[in-house]
Amino acid sequence: MTAPVLEVENLVKHFAATRSAFGRPLTTVKAVDGVSFALKSGETLAIVGESGCGKSTVGRLVMRLIPATDGRILLDGEDVTTLDDRKFRPYRRKIQLIFQDPFASLNPRMTVGEILSEPLMLHGIVPAGERRSRVAELLHLVGLQPHQGARYPHEFSGGQRQRIVIARALAVEPKIIVCDEAVSALDVSIRAQILNLLKDLQARLGLAYIFISHDLGVVKHIADRIAVMYLGRIVETGSSDEVFADPRHPYTRALLSAIPVASPAARRERRILEGDVPSPIHPPPGCHLHPRCPYATDLCRRDRPMLEDDGTGHASACHFWRELPSAADALPREGRVDPRLERLFGAFAAGEP
């Protein structure tokens, strides 16, 4: 069996919300509360959930952009959680990040060629005399022309800028790319092009993706496995097909029932969670979802459910997932994503305009 390229074990991140006069934290935000997963080469793991669930914080923890409060991060079997910046530098090449806003993540004072040359210089990947040709290769790899390297970021469209961000991530030849809402700022047609580009690059280069998103319609197209997060915890995980066909956690069912369906003839039961998301400063005891879950009992209010695997890799953190009614009515009857997106993906995959 192939060893995971990335392993995350019981990852925890608490932020100080307020501090005393002496700098001691008085209240903490429990942004990530015991997250574990593994990622293999060539695989896409989607981390999904509503805003504030902690999915972007997980991405930044994995990137070592912020320090973890507890837990371990293993890259190629090596624990990098507590390495200082100097010792972590060789590992920095292995994992790169694609941001949500391509314009904000590109230096407006640098040309595209300079932006792509910078990581080559910092990591000493190619000699100075070969950087121009390597930049041309990177631009060609993401569907841009070499002469466009002389332009500035503001001279490109949103989709082209995201291609530049992808090229910059590829410059250091990483094994893992964290895509943090990488297509949410793009319109649907450009979104399909970028997702198809990511899938093509993955097939050619063997990349592993952590795809962070709130858009389950997009996730359905790109993810091999899905981890659903709620209030800092993973509540369900499994293959994309299993999670969409047989969602077991009440929160996952509510997310899937909210996917828009283009056809007005399609009918389904909406699973609406009452109330607001609890504060991560004072999360509820037991199952975090119990104040909003229609199936909650005293057991849910008292004891935290752990992820329970059925033996197939499909796991749910719910005490009563076996007793819940069928999830079939929570899903769209005519497909599970917008049919317009389906057609666009098919057209771009076939190379049609």
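View 1. Asp85 has its place in helix H2, which spans residues 85–92; helices here are DSSP runs of H or I with at least four residues, strands are DSSP runs of E with at least two, and both are numbered from the N terminus. This is a predicted model, in which local features need pLDDT of at least 70 and side-chain atom pairs count only at pLDDT 80 or more, while totals for chains, interfaces and linings use all residues. Residues are numbered from 1 along each chain as its sequence is written, and side-chain values use heavy atoms, with hydrogens and water left out. With a relative accessible area of 61%, Asp85 is exposed (exposed means over 50% relative accessible area, buried under 20% and partly exposed in between, for a 1.4 Å probe and protein chains only). Arg64 lies 21 residues away from Asp85 along the chain, and the C-alpha atoms of the two are separated by 9.2 Å.

**View 2. Helix H1 and the residue Arg64.** Helix H1 covers residues 55–62, and six of its eight residues are buried, so the helix is largely enclosed by the rest of the structure. The buried residues of H1 are Lys55, Thr57, Val58, Gly59, Leu61 and Val62. Just after H1, Arg64 takes a positive phi of about 65°.

**View 3. The open sheet and its edge strand E6.** Eight strands form an open sheet with mixed pairing, in the order E6-E7-E8-E3-E9-E10-E12-E11, where two strands pair if DSSP finds at least two bridges between them. E6 and strand E11 (308–309) are the edge strands, each pairing on one side only. Strand E6 (residues 95–98) is covered on both faces, with Ile95 and Leu97 buried on one side and Gln96 and Ile98 buried on the other. In a regular strand the side chains alternate between the two faces of the sheet. E6 pairs with strand E7 (residues 176–180) in the parallel sense over four bridges; Gln96 stands opposite Ile177 in E7, and Leu97 has Val178 of E7 as its bridge partner.

**View 4. Helix H5 packed against helix H6.** Two packed helices are described by the angle between their axes and the distance between the axes. The axes of H5 (residues 158–170) and H6 (residues 188–205) come within 10 Å and cross at roughly 20°; axes are lines fitted to C-alpha atoms, for helices over the stretch in contact, and angles run from 0 to 180 degrees between N-to-C directions. That makes H5 roughly parallel to H6, since angles under 35 degrees count as roughly parallel, over 145 as roughly antiparallel, 65 to 115 as roughly perpendicular and the rest as oblique. From H5, Gly159, Gln162, Arg163, Ile166 and Leu170 meet Ile190, Gln193, Ile194, Leu197, Leu198, Leu201 and Leu205 of H6, contact meaning heavy atoms within 4.5 Å.

**View 5. Helix H3 beside helix H5.** The axes of H3 (residues 112–122) and H5 come within 8 Å and cross at roughly 25°, and the two helices are therefore roughly parallel to each other. On the H3 side the contact is made by Val112, Ile115, Leu116 and Pro119, and on the H5 side by Ile164, Ala167 and Arg168.

**View 6. Helix H5 on the sheet.** H5 lies across E6 and E7, and runs at about 170° to E6. H6 also packs on the sheet, where it touches strand E3 (44–48), E6, E7 and strand E8 (208–213), and its direction makes about 160° with that of E8.
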